[in-house]
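Biologist: Before we talk about packing, could you put the sequence and the model up side by side, please?

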Amino acid sequence: MATIPKMTCTAGLYLHIPFCTQRCSYCDFYFVTAQRGQDAFVNALCTELSLGACEYPDVQVSTVYLGGGTPSRLPGSSIAHIMEHLNATYNLRQVREVTLEMNPEDLTPDGLAALRSCGITRVSLGIQSFFDDELAFMNRAHSADCALQAARYVAQAGFESWTMDLIFGLPGQSLDRWEANLKRAMAFSPPHISTYNLTIEPNTPLHKQVRLGQIVPARDDDVADAYQAAMDHLREAGYEHYEVSSFARAGHQAQHNRGYWTHSNYLGFGPSAHSFWWQSDIARRWSNVRNLRQYTENLAAGKGPPLELDEILSAADLAKERIMLGLRTAEGLCLHTLANTYGVDLAFSQSAELARLAAEGMIIRTEGIVRLTDRGRHVCDTITTRLLPD
């Protein structure tokens, strides 16, 4: 087994805000639709942040990400209180990015100005579609007009960066309709756009509808055409396709997400939040309980949140993740790093498979770096499986 190198004490912070207006049909993240208990949650979150600062006193915070759920369901005063507490308990001098996810129905110009004033530098706007019938299918809470107004407000708000999320691959969605979504998004010149293929996750309303035969998923060929259209249109407009689902103008790549893709340390706070810490020869991943009541009650009693997951990752586990994460990015998978840091010599053990993938036009291999072609991006998960060591 390879010796895992000592990591720095730099880490990203993820704060899970579990409140939502309603349940989107495809969502499998932890959330609650009741708005009561927000004050108790904010107090619990701040307590957990303080506990984390005591446990990791030397951490240098690189990024902060408020996700959910929908962080914008919290009042601006609560967001400001959380940010004040973060500044009081952590070293934020090296922070490169503070992102807050928000939905169009929560957004006002005054609210955006308040977010900027309390330290939010980047907004992630969950548009998903600019068409009412598609929004209704996904059970989104906003309308197409609301989406357009929200995009205008954010574009004019003066944030250092912002991003817009769109979803393709809806049943019955035509290529023309998807391209219209892309064109409407690009009209606002967001520095970053994420395009996600609609996935049917277990234990979601969408999964139940498919299982009962009420909905027929989009055909693979239609999904592939939509994804290719996103790549073509966004690149032509000057966006770099730097990760499978992510497109950015120069200088606007999502720094917090890059931490996930490069195996950087991160600490998660809030119900269901995940953490990853790799130092010396120990790599650990854990997650908080997916239950708001249990979370708040434990922290109100001065205890840490119950854990739902707590595992030590082997070098082999980490190597498999490195292969998957590296292939997702435009930087690609560095075979030298994989061998020297993770103890897996893919160039030797999978030389025949690498040659086959190159011959099939799925990958490009140059100077020890393996990158996906456009054709390979369409089947990234399949290629990852083919390259995973036994």
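Biologist: How are H1 and H10 oriented to each other?

Modeller: This is a predicted model, in which local features need pLDDT of at least 70 and side-chain atom pairs count only at pLDDT 80 or more, while totals for chains, interfaces and linings use all residues. Residues are numbered from 1 along each chain as its sequence is written, and side-chain values use heavy atoms, with hydrogens and water left out. H1 and helix H10 (residues 292–300) pack with their axes 9 Å apart at an angle of about 60 degrees, where axes are lines fitted to C-alpha atoms, for helices over the stretch in contact, and angles run from 0 to 180 degrees between N-to-C directions. Angles under 35 degrees count as roughly parallel, over 145 as roughly antiparallel, 65 to 115 as roughly perpendicular and the rest as oblique, and therefore H1 and H10 are oblique.

Biologist: Which residues of H10 meet H1?

Modeller: Helices here are DSSP runs (H or I, at least four residues), numbered from the N terminus, and contact means heavy atoms within 4.5 Å. From H1 come Ala-40, Phe-41, Ala-44, Leu-45, Thr-47, Glu-48 and Leu-51, and they meet, in H10, Leu-292, Tyr-295, Thr-296 and Leu-299.

Biologist: How many charged residues are in the contact of H1 with H10?

Modeller: Ala, Val, Leu, Ile, Met, Phe, Trp, Tyr, Cys and Pro count as nonpolar, Asp, Glu, Lys and Arg as charged, and the others, Gly among them, as polar. By these classes the contact of H1 with H10 holds eight nonpolar and two polar residues, and the number of charged residues is one.

Biologist: Is H1 roughly parallel or antiparallel to H2?

Modeller: The axes of helix H1 (residues 38–55) and helix H2 (residues 76–89) come within 10 Å and cross at roughly 15 degrees. Therefore H1 and H2 are roughly parallel.

Biologist: Which residues of H2 make the contact with H1?

Modeller: On the H1 side the contact is made by Val-42, Leu-45, Cys-46, Leu-49, Ser-50 and Ala-53. On the H2 side the residues are Ser-78, His-81, Ile-82, His-85, Leu-86 and Thr-89.

Biologist: Which residues touch the most other members of the largest nonpolar core?

Modeller: A nonpolar core is a set of buried Ala, Val, Leu, Ile, Met, Phe, Trp, Tyr and Cys residues joined through side-chain atoms within 4.5 Å, and buried means under 20% relative accessible area, exposed over 50% and partly exposed in between (1.4 Å probe, protein chains only). The largest such core has 97 residues, and those that touch the most other members are Leu-15, Leu-86 and Tyr-90.

Biologist: How is H6 oriented relative to H8?

Modeller: Helix H6 (residues 175–186) packs against helix H8 (residues 220–236) with the axes 10 Å apart and an angle of about 30 degrees. That angle makes H6, relative to H8, roughly parallel.

Biologist: Is Leu-175 buried or partly exposed?

Modeller: Leu-175 lies in helix H6 and touches Asp-225, Ala-226 and Ala-229, not counting residues up to four places away in sequence. With a relative accessible area of 37%, Leu-175 is partly exposed.

Biologist: Is Asn-181 buried or exposed?

Modeller: Asn-181 is also found in helix H6, and the residues it touches are Ser-129, Phe-130, Phe-131, Glu-134, Leu-166 and Gln-173, not counting residues up to four places away in sequence. Because its relative accessibility is 0%, Asn-181 counts as buried.

Key: Helices (H or I, at least four residues) and strands (E, at least two) are DSSP runs, numbered from the N terminus.
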